[in-house]
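I opened this entry to look up charged pairs and strand pairing. My notes follow in the order I checked things.

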Amino acid sequence: MTALSVIISCINTESSDNAVEEASEKNSIIGYDISDDGEKRDLEVGSLSNIEIWENYIKAHNERDFNAIKSLDSDSFEARGPKGEFIDGIDAHIEFLTQWFNQNSPTWKIKYTIANDVTTKEGELREWVTAGHDLMLTVEGKEVNASQIIDARITDGKIQEFFVYERLKGENE
């Protein structure tokens, strides 16, 4: 009985130690960001709820669910594509996607996601998700495979802006 009590108390201690460790990891520095002014700012562990928002966003794109995409875009939505495209606003986003979906039939497969936060010198919290994707396109009847990394800023549960970085995959990938 004593041995059982020792084992149970060790398990309970380990569980509470894990909870404390997880709470302190929330403020763990995972890297840094450099502002346009050259200020080096700490990147901290972000909220997993932002990853869920991004997963829902990609799912809506794969399902061509324009209403879901609109509901997840912020009123001040902006996006920058890999070829210099700039999309300003929800309506412009939907217009771009409609044409692109019809011409290229893109589908995404998420490979990884990282939630991270940065606080500006003015005290503004900026929440980001960095996600890697496999992108499959059909261009002029031919399948094209690419890799994308997207940095998405999420504000109040909405996609405020994102930046797309892309490269074509080689034959052996």
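I started with R167, which is partly exposed at 42% relative accessibility. The model is predicted, and I read every value with that in mind. R167 forms a salt bridge with E173. I noted 2.5 Å between the closest N and O atoms of that pair. E173 counts as exposed, because its relative accessibility of 53% is over 50%.

Next I looked up K169. K169 forms a salt bridge with D134, with the closest N and O atoms 2.8 Å apart. K169 lies in the segment after β8 (158–168) and D134 in strand β6 (residues 125–139), so the pair ties together parts 35 residues apart in sequence. I then checked accessibility at both ends. D134 is buried at 13%, whereas K169 is partly exposed at 23%.

I moved on to E124. E124 forms a salt bridge with R126, and their closest N and O atoms are 3.3 Å apart. Both are partly exposed: E124 has a relative accessible area of 34% and R126 one of 25%. I found E124 and R126 linked with R153 and E161 in a network of salt bridges. The structure holds seven salt bridges.

I finished with the strands. β1 (residues 29–34) and β2 (residues 40–45) run antiparallel, joined by five bridges. Y32 stands opposite D42 in β2. The two strands form a hairpin with five residues between them. In its turn I noted G38, with a positive phi of about 90 degrees. β2 also runs antiparallel to β5 (residues 107–119), with three bridges joining them. There, V45 stands opposite N116 in β5.

Conventions
Residues are numbered from 1 along each chain as its sequence is written. This is a predicted model: local features need pLDDT of at least 70, side-chain atom pairs count only at pLDDT 80 or more; totals for chains, interfaces and linings use all residues. Side-chain values use heavy atoms; hydrogens and water are left out. Two strands pair if DSSP finds at least two bridges between them. Helices (H or I, at least four residues) and strands (E, at least two) are DSSP runs, numbered from the N terminus. A salt bridge is a side-chain nitrogen of Lys or Arg within 4 Å of a carboxyl oxygen of Asp or Glu. Buried means under 20% relative accessible area, exposed over 50%, partly exposed in between (1.4 Å probe, protein chains only).
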